[in-house]
Amino acid sequence: MLYFHWILLAAFLLCLLQLGVRVAKIFRAGAPKDYSAPIGDKKKAIGYSFTGAMSPKHKESAYLHLPTYAAGIFYHMGTFFGLLWLIILFTNLILPAIVIQISAIFLFVGAAAGLGILIKRIVAPKMRQLSNADDFISNLLVTGFQAFLGIALLMPQYVPQMMIYTAILFLYLPVGKLRHCAYFFAARLHLGYFFGHRGVWPVKHG
Amino acid sequence: MGKKLTEKQKTGLGKLDNMLDARLETALNSCVHCGLCGTSCQYFLALGDARFIPAHKVDLVASIYRRYHTTVGKIAPKLTGARDFNDETIDEMVDTLFGACTMCGRCIAHCSIGVDIPHVVLACRKMLSEMDMVPKSLMSTVNAALETGNNMAIPTEEFVDTLSWLEEDLQMDLDDDNAKIPVNEPGKKILYTLNPREPKFFPLSISAMAKVFHKAGESWTLSTEMYDVTNYAYYSGNDEHAAIITQRLVDVAVKLGVDTVVLAECGHGSRSHRWEGPNWIKEEYPFRIITTVELLAEYIRDGKIKVDPEKNTMPLTLHDPCNLVRTGGIVDEQRYVLSKTTTNFREMNPYGRESFCCGGGGGNLAMSEYNERRLAIGKLKADQIKATETEVVVTPCHNCVDQLMGLNQEFKIGVEIRTLGEIVADAIVD
């Protein structure tokens, strides 16, 4: 491993540690006992919370905002794909050139989607009013990561710079809204528990 | 860290500290400000103000959390939009989280992450309640319930008189001297509750349910000590007050020895007493508790009452109370009842779990400070009703009845607003 590998690994571990502390804090805080008589199946509802309830068919935030929703999906797919590529780069696995080129295109699409979301945040007055500095920084960091990684795949001489850039992203992640990557799962879990207890979820969609 | 906090502000922040459990911590850290929830909120849809986007409402509270509970928020508040808990922020919280949120919960299912937005709104209301910042009109409704036993401060004599003449009318209508409205009778199976609006303004809905009980041969009673199904302390955010009201219901049910408490047609009353109540008093109920909607469906399904849908042939639609449907899961029962008691039922669009609030929820019906806003956001519902081209709107909630009557007048819809019990009573055949 070279120096930039170590820097990235250290940043990643620091990020994990901070997220771990936050997750531990949630567990430590605990949920109060619910004394009301349950009528539903909490396990099924939690499952539904991560599946059916997330379906774009049942979310106005998806079907009423298809361009933004699609951009968000590509953006997130680009991020996960980028993380996968970081692992590949760490393992020094040699892949065929065509795979690398297609991967780079996929990452550029993700970055373009991120850029689109950023432009919307800047241009739409209501989005501007809702945003703070972290909203822009977080987007720029992740969009930049995908674009930078795409470039580094095509031009490997930029891998060291890309890894140092990604280290900055990992260091920033627990500070701002990017930490939703951990809280998202807790949020879905809580919803499943809450609606499951009351028999509201799972919804049987006709 | 900003200006020095006043004692009142410290009290509010102290309340936030105490409430920070896993659920609230999660909700305060999850929103990514995507703003897509805006189209799920009728305040934003009707008024177009970005302050009313649910994400903004969450951020009002989350920004305070970040300021006082995160290192970055303490050192560099502007980076994450962390705000000082000052008078300006507090005023905005009161205006937005009391006056521009019915806590209908429509935004939850549509949030791209799954942030429990009304839970955050309620947490903030609890902070404001601790600081005596609850809007006066809402507080006076709670105080009336605490001081007199019902939120409309109806004296017991007046209540008993009303029940007495209702019973006489019922006996005449049914031509049956055995038709009764029992009061404070121990050993009955059911304790039935009422929304105080019923004895005060809509006594015929009491007669309707009395007729249903009589025809079902039910063993039931009302209580003069505690009949109020509402619990506005849920909306004012004061758990101690809410617990007092809940405890009264429990005490009366235990004293009378009933095995089932039936909650009158009231959305927030159903939620408060059925789901929140046991947590306020930190005890499981020693009795079964169900809503009138479930009871009516049960009676029809079990053949305890015979109904003829031909008795209600007028075109009719249904307004779903948010707390009954979205956080109570009661969606099909009212439709089953209507399918058996009416012939010309038409759904609104959207309906059920997707239904929009009437606009009176979240305590807004009691908050005269926001009357103008409350009626303005109701236009959405008024338009939905008009589109059904019906003559009657049925809703199993007396608060919704009040708001819908206001909308009927304001937007000249030209419909009659009725409760489910009234529809069932009209459909009963011997």
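**Note on two interfaces of chain B**

1. The centres of domain 1 of chain B and domain 3 of chain B lie 29 Å apart, taken over C-alpha atoms. The contact (heavy atoms within 4.5 Å) takes 20 residues from domain 1 of chain B and 18 residues from domain 3 of chain B. The domain assignment of chain B gives domain 1 (7-133), domain 2 (139-301) and domain 3 (309-427); such bounds come from an automatic or database assignment.

2. This is a predicted model, in which local features need pLDDT of at least 70 and side-chain atom pairs count only at pLDDT 80 or more, while totals for chains, interfaces and linings use all residues. Residues are numbered from 1 along each chain as its sequence is written, chains are lettered from A and ligands numbered from 1 in the order in which they are written, and side-chain values use heavy atoms, with hydrogens and water left out.

3. Domain 1 of chain B and domain 3 of chain B bury about 1600 Å² between them, 56% of it on carbon and sulfur atoms. Buried area is the accessible area (1.4 Å probe) that two parts lose on being put together, summed over both. On the side of domain 1 of chain B, Gln42(B), Thr102(B) and Arg106(B) lose the most area to domain 3 of chain B, together 37% of what that side buries.

4. Which side chain meets Asp95(B) in a salt bridge? Arg373(B) does, at 3.1 Å, N to O. A salt bridge here is a side-chain nitrogen of Lys or Arg within 4 Å of a carboxyl oxygen of Asp or Glu. The count between domain 1 of chain B and domain 3 of chain B is two salt bridges.

5. Now the chain pair. Chain B and chain A bury about 4500 Å² between them, 58% of it on carbon and sulfur atoms. His33(B), Leu36(B) and Trp275(B) supply 14% of the area that chain B buries against chain A, more than any other three residues. The contact takes 56 residues from chain B and 53 residues from chain A.

6. Four salt bridges are found across the interface of chain B and chain A. One of them joins Lys33(A) and Glu284(B), with the closest N and O atoms 3.9 Å apart. By class, the side of chain B that touches chain A has 20 nonpolar, 19 polar and 17 charged residues. Ala, Val, Leu, Ile, Met, Phe, Trp, Tyr, Cys and Pro count as nonpolar, Asp, Glu, Lys and Arg as charged, and the others, Gly among them, as polar.
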